[in-house]
Amino acid sequence: MTLLERPAVVAPVTRVVSPTVSVERPFEVALWVAEQAALLEPSDIHWVDGSTRERHELLQLLVANGTIEQLNPDLRPYSFLARSAESDVARLESRTFICTENESDAGPTNNWREPAAMRAELTEVFRGSMRGRTMYVVPFAMGPIGSPMARFGVQLTDSPYVVVSVGTMTRMGNPALEAIARGASWVPAVHSVGAPLAAGQADVAWPCNDTKYIVQFPESREIWSFGSAYGGNAILAKKAYALRIASVMARDEGWLAEHMLLVKVTPPSGKAYHFAAAFPSACGKTNMAMMTPSLPGWKVETIGDDIAWLWIGTDGRLRAINPEAGFFGVAPGTGMRTNPTAIDSLWGNTIFTNVARTDDGDVWWEGMTDEKPARLTDWRGEPWTPTSGRPAAHPNSRFTVSARQCPSIAEDWDDPEGVVIDAIIFGGRRASNVPLVVEARDWDHGVFMGATIASEQTAAAEGTIGELRRDPFAMLPFAGYNMADYFAHWLNFGRRLRRSARVPRVFQVNWFRKDADGSFLWPGFGENARVLEWMVGRLDGQLGAIDSPIGSLPNDGALNVDGLELDGAALTELFRVDPAAFAAEADDIETFFASFGDRLPPELSRQLALLRGRLAAS
Ligand code: OXD
Ligand code: MN
């Protein structure tokens with residue numbers, strides 16, 4: 001593993017030049033590029049090679065355009081701040097479409113459109129949309145090139161900001177194009193900010209369009225995105241490909257594409273375990289992936305913070321890779337106390353978007369330090385003081401940084417064969433009801449837990465913050481097909497695993513339960529290692545559990561709370577299973593399941609009936 005070294009003395013930014021090798025342009029890609037160019041009418045076409053020199057030139061161009069500004073190189077070497085348009089700050093679920101021939105194949109949780117009608121609509125929307133701009137041809141790989149799980153794509157975009165972001169988040173450039181030239185299949189993805197420039201027209205710092213589309217065609221495996229340059233709307237390798245399109249590939253090819261972090265946990269015994277954990281957006285996946293455990297002798301190393309692709313290896317074991325190559329993390333709430341590893345990763349070579357700027361040219365966001373700076377420039381570029389009465393950084397402001405810069409990155413994070421998964425965790429943000437940790441009775445019960453995750457809405461997507469919504473497997477905005485079929489795929493996957501060496505355990509966690517005064521009961525962050533310790537104890541058969549109607553809870557003394565300021569009442573409340581509240585939850589689940597009609601796998605109705613039976617008997 002090579003970590004980029006923190007320069008001892010920060011020199012002014014020097015231009016880093018790496019030689020670029022020209023590669024053969026695969027005919028099929030070249031033909032598609034020519035066809036799209038005829039529709040999009042860009043003034044130039046730039047095939048992205050992924051070199052350091054090219055990145056440097058793009059960053060210079062973005063500075064010249066006013067899209068980004070360079071931060072003080074003495075404080076934050078080779079780092080930049082982007083301010084988006086105020087209307088372009090989050091994923092837009094209401095403008096995300098799944099286009100399948102039959103509406104039922106998209107299912108009730110997706111916005112469906114008929115493919116031919118959408119194609120006709122998009123053709124008009126995209127016609128001439130790149131006029132006056134350069135069209136970048138961006139080949140990329142998801143997963144380590146050479147891995148049986150690596151998958152490829154080519155994104156067209158008229159946003160150089162998106163190109164540099166894709167450069168951090170994926171393996172972008174010539175090696176991916178070479179793999180395509182050797183015959184690897186690839187997903188075409190077209191992205192335009194939707195802001196054509198007339199001759200002589202001055203550009204704006206963050207071009208975008210009020211009309212937005214993020215469109216997936218899972219059957220022909222294509223992506224079209226218009227109008228936004230923000231995060232998952234525009235870095236199409238991420239949510240659109242690695243989740244929506246990949247979930248369909250995974251269904252067809254027998255694997256899983258999931259909204260999960262991946263970590264390697266090593267207890268003092270030295271035997272390492274790998275966990276995959278699904279949480280809805282902005283529920284602390286990056287913090288957990290980079291956890292500094294509070295328990296002496298424990299180590300948590302990072303493999304991925306957002307997306308995992310899981311498959312059954314030739315050894316019959318559940319394996320996983322992180323298909324991404326960087327982190328697009330939520331900045332607010334990331335601080336030395338909550339996530340020192342992320343803070344260390346961000347020492348330089350980072351693009352920040354919509355955070356606040358300090359007077360000396362560094363960045364700040366809520367939660368970065370306990371004390372607020374006396375003066376800032378806020379994410380909109382306006383003067384800000386602690387009395388301004390509004391956040392200085394946008395709640396969905398982000399950092400984009402290479403995984404290689406993370407001090408806790410695991411040695412096997414980019415192993416082409418992936419890592420063996422010992423357990424799967426499902427979590428959500430729940431102020432009440434759901435205990436700190438529960439173990440599923442078996443795989444099918446674990447699928448029921450995943451299918452019924454509910455969470456309070458965060459700022460990662462448009463919507464009312466705090467509202468409770470069911471977010472099955474944390475995949476509500478990301479499953480590219482009927483969610484009921486997705487549940488069935490998970491159940492079948494378990495059947496295949498049962499025929500193999502070992503079925504991973506499944507747990508549910510909730511770090512966010514509150515007391516009657518509205519304060520969090522559990523300290524979270526590094527103390528979550530105590531929950532991992534119990535899980536490891538369960539995997540090894542060393543730690544006990546007691547049965548409850550909703551699954552197995554740690555038995556008395558099995559959860560290590562030594563040294564925590566947690567009184568007995570708080571501990572009881574953290575694990576309290578209120579049968580009446582869960583009965584109401586069961587009713588809500590029934591309504592949710594009913595939305596899938598008869599496509600819902602019967603096993604999930606059976607799991608609900610079993611839950612009700614256990615609640616009635618308790
Ligand atoms: C993300 C999200 O950006 O889930 O990871 O919204
Ligand atoms: Mn995510």
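A salt bridge, as counted here, is a side-chain nitrogen of Lys or Arg within 4 Å of a carboxyl oxygen of Asp or Glu. Keep that in mind, and keep in mind too that this is a predicted model.

Start with the overall layout. The protein is divided into domain 1 (15-65 + 92-254), domain 2 (257-326 + 411-617) and domain 3 (328-404). Between the C-alpha centres of domain 1 and domain 2 there are 32 Å. Where these two domains touch, domain 1 supplies 36 residues and domain 2 supplies 36 residues.

How much area do domain 1 and domain 2 bury between them? The figure is about 3,200 Å², with 58% of it on carbon and sulfur atoms. On the side of domain 1, the residues that lose the most area to domain 2 are Glu93, Met149 and Leu243, which together make up 20% of what that side buries.

Several elements give two or more residues to the side of domain 1 that touches domain 2: α3 (103-106), β6 (134-142), α5 (160-169) and α8 (237-253). Of these, α8 gives the most, with ten residues. Sorted by class, this side of domain 1 has 16 nonpolar, twelve polar and eight charged residues.

Now back to the salt bridges. Side chains of opposite charge can pair when their charged atoms come close. Between domain 1 and domain 2 the count is five salt bridges. Asp306 and Lys238 form a salt bridge, with their closest N and O atoms 2.9 Å apart.

Asp306 turns up again beside the ligand. An N or O atom in the side chain of Asp306 is 3.1 Å from an oxygen atom of ligand 1. Lys239 has a polar side-chain atom 2.9 Å from an oxygen atom of the ligand, and for Arg398 a polar side-chain atom lies 3.0 Å from an oxygen atom of ligand 1.

Finally, step back to the whole structure, which holds 41 salt bridges. One of them joins Glu69 and Arg83, whose closest N and O atoms are 3.4 Å apart. Glu69 sits in strand β2 (residues 68-70) and Arg83 in the loop between β3 (80-82) and β4 (96-98), so this pair ties together parts that are 14 residues apart in sequence.

Methods: Residues numbered from 1 in each chain as written. Chains lettered and ligands numbered in written order. Predicted model: local features only at pLDDT ≥ 70, side-chain atom pairs only at ≥ 80, totals over all residues. Heavy atoms only, no water. Domains from an automatic or database assignment. Contact = heavy atoms within 4.5 Å. Buried area = accessible area lost by both parts, 1.4 Å probe. Helix = DSSP H or I, 4+ residues; strand = E, 2+ residues; numbered from the N terminus. Nonpolar A, V, L, I, M, F, W, Y, C, P; charged D, E, K, R; others polar. Polar contact = N/O pair within 3.5 Å; in protein donor to acceptor, adjacent residues only side chain to side chain.
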